[in-house]
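This report walks through a protein chain in terms of its packing, its ring pairs and its backbone. Please keep the sequence and the model in view while reading.

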Amino acid sequence: MIERYTLPEMGRVWSDAHKYELWCQVEVLVVEAHAEAGTIPPEVVEPVRKAPPPTPDAVHAIEAVTQHDVIAFLSAWADNTEPREAARYVHFGMTSSDLLDTALALQLVEATDILLEKADALVATLRDHALAHQATLRVGRTHGIHGEPDVWGHRVADFAFAMARSRDRLRRAREAVGVMAISGAVGTYSNIDPAIELHVARKLGLKAADVSTQVVLRDGISEWTSSLAIMATVCEAVALEVRHGQRTEVRELWEPFGKGQKGSSAMPHKKNPIISERLAGMARIVRAQVVPVLEGIPLWHERDISHSSTERIALPDASIALDYMLNLTNRLMSGLVVDEARMRENLESTGGLIYTSTVLLELVEAGMSRDDEAYPLVQKAAMQTWETGTPFRETLRVHAAEAGLTLDEKRLDEVCRPERFVERLGPMFDRLTALR
C-alpha cells in the first residue's frame, strides 16, 4: 500500500523490520524449547536470544544471491550472533513455512487488534450520531424515490448495527488466523517433536493447527480477508449515503469542510464529497483481495508457493486500506453536517405524496376493496399530483368525490402527520442505546 493511505501503527505491523523481529521471536522460542528438551546444547540459547534482528538491508543483500528469504534472514541473523557458531542450532528441525506461517499469524493478530479498536470507535460514533437524530424527520426513499416519512437516526442506526456485526465477525476471524504450525518439512514432525510446537503456541498466545502439511491451510486467512472486505463495504455504504445526501438536488448532508479547503480548481463554489468518494475507491481495493487469497487454499500436494506472492501484497493492502477507511469513516461521521431544515423541506416537496400508503389503508378500512377501488383511486390522485403539482389532498378530494366518497378530513390530518410514521421505532432506538 502506498504511503498516502498507510497509517503509522498499521504500517509498522507490515514493515520488514517488524517481520524480522517476529521471525527472531519465533526462532528463539524454538531454540529455548529444544534446549529444555535436551535436543540442543543449552549454552547456545543466550547468544541466540541476545542477537539483534538483522536489518532489512542486510537480509535483502543476501537474498539477492540466495533467492530465498528465510535462508537470507537466517544468514544475516547468524552474522549478528556471538559466537556465530551458536546460530547453527537456529531453525533446527524446521522448514521455512513453520517460521513464515507462525510469524504471519502474529502479524494478522496484531493487525486485527488495531482494526478492532477502530471498529469499536466507529460503532460508538455511529450509535451516538443516530441517537442524536432519532427525531430528525426526513423522507425515506426506495429506488431513490420518496417513500414515507422516516428519521435520519433510523438510517444511521442500520449502519451502526452493521458495523457492530462486522466487528464481531472480525473478532471471530481473529481466532481463525491465530493459528500456527511447527511441524517440519511436510508436516509429519519428522525432525521436530510436536511438544515444541505446543510450547511455542502457548508462549505466543496462538493455537497450534489441528493438522498442517508444510503450510497451514488458507481457509482461516480467507475468512479473515472476507471479514475485512465486508467491513470495508459497510464503510462504503455509509459513504454512499453521504454522497447521495450531499448532491445539490438533495442538500441534506455535508461532509466536514475545513478552513482553507478547496473543492475545485475551476469552480470556487464547489464542496465535493471527496471523503466519501475516497472511501468508495478504497473499498474496492479491500474487496479485490478476497478472491486471490481464496485461491491460496488449493495448493499442489503438501505445498507450493503460489499463495506467497499473493499474500505479501493482499494481506498488508487489505488491512492497511481498511485501517485507513475506519479512521476516515469515523472522521466523516464525527464531523457530518445534517441540515434538518432541508430534510423537512424535501419531506414536504412532493405535496403530500408520501402519505399515499396510509391513505390507501384508511380507504380500505372505510369499506373499499383494496385492489379494485382504493388503490386505483389513490393512484389516480397521486399521478395527478406528480403531473400538475397540485397538493395530494386536493387531488384526492376530487377523485374521492367522483367515486361518491366523502373524506374524513380530521382523520386524514391525523394519519398524515409525519411523526406518526416513526412512532414504533422506540424499541429499535432502545436496542441502539445498548449497543457496545
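## A loop residue among helices

Met94 is found in the loop that runs between H5 and H6. The model is a predicted one, and in it Met94 counts as buried because its relative accessibility is 10%, below the 20% limit used for that term. Leaving out residues up to four places away in sequence, Met94 touches Glu27, Val30, Leu99, Ile182 and Ile192. Met94 and Val45, which are 49 residues apart in sequence, lie 17 Å apart in space from C-alpha to C-alpha.

The loop between H5 and H6 is also the place of Pro83, and a cis peptide bond, with omega at about -5 degrees, joins Glu82 to Pro83.

How much of H5 is covered? The helix is mostly covered, with 8 of its 11 residues buried. These buried residues are Asp69, Val70, Ala72, Phe73, Leu74, Ala76, Trp77 and Ala78. They pack against five helices that can be named one by one: H2, H3 (45–50), H4 (56–66), H6 (96–132) and H12 (306–334).

## Aromatic pairs

A pair of aromatic rings is described by the distance of the centres and the angle of the planes. The count for this model comes to 7 aromatic pairs. One of them is formed by Tyr20 and Phe73, which are stacked at 5.8 Å centre to centre with 20 degrees between the planes. Because Tyr20 lies in helix H2 (residues 16–37) and Phe73 in helix H5 (residues 69–79), this pair ties together parts that are 53 residues apart in sequence. Tyr20 counts as buried at 1% relative accessibility, and Phe73 is likewise buried, with a relative accessible area of 0%.

Phe73 also takes part in a stacked pair with Trp77, for which the centres are 5.6 Å apart and the planes 25 degrees apart. Phe73 and Trp77 are 4 residues apart in helix H5, so about one helical turn separates them, and both are buried. An α-helix has 3.6 residues a turn, so residues three or four places apart point the same way. Ring pairs link Tyr20, Trp23, Phe73 and Trp77 into a cluster. Another contact involving a ring is that of Lys271, which lies over the face of Trp254 at 5.1 Å from the ring centre.

## Nonpolar cores

Which residues touch the most other members of the largest nonpolar core? In this core of 92 residues, they are Trp14, Leu126, Met163, Trp224 and Met325. With its neighbours within four places in sequence left aside, Trp14 is in contact with Leu104, Gln107, Leu108, Ala111, Leu315, Pro316, Ser319 and Ile320. There is also a second, separate core of 42 residues, which includes Leu22, Val28, Phe73 and Tyr89.

## A strand hairpin

Strand E1 (residues 137–142) and strand E2 (residues 145–151) run antiparallel and are joined by 5 bridges. Within this pairing, Arg138 stands opposite Asp150 in E2, while Thr142 stands opposite Ile145 in E2. The hairpin of E1 and E2 has 2 residues between the strands, and His143 takes a positive phi near 60 degrees there.

## Positive phi in other loops

Most residues other than glycine have a negative phi, and most peptide bonds are trans. Gln67, a residue other than glycine, has a positive phi near 55 degrees. Gln67 is found in the loop between H4 and H5, where it is exposed, with a relative accessible area of 63%.

His301 is not a glycine either, yet its phi is positive, at about 50 degrees. The residue lies in the loop between helix H11 (290–294) and H12, and His301 counts as exposed at 71% relative accessibility.

## The annotated C-terminal region

An unreviewed UniProt entry carries the annotation "domain: Adenylosuccinate lyase C-terminal" for residues 351–433. In the model, the chain over residues 351–433 is 66% helix and 0% strand, and the C-alpha atoms at its ends are 35 Å apart.

Terms used:
Residues numbered from 1 in each chain as written. Predicted model: local features only at pLDDT ≥ 70, side-chain atom pairs only at ≥ 80, totals over all residues. Heavy atoms only, no water. Core = buried A, V, L, I, M, F, W, Y, C linked by side-chain atoms within 4.5 Å. Buried < 20%, exposed > 50% of the residue type's maximum accessible area, 1.4 Å probe, protein only. Contact = heavy atoms within 4.5 Å. UniProt positions renumbered as here; feature names shortened; annotations may be inferred. Phe/Tyr/Trp six-rings, centres within 6.5 Å; stacked < 30°, edge-to-face > 60°. Lys NZ or Arg CZ within 6 Å of the ring centre and 35° of its normal. Pairing = 2+ DSSP bridges.
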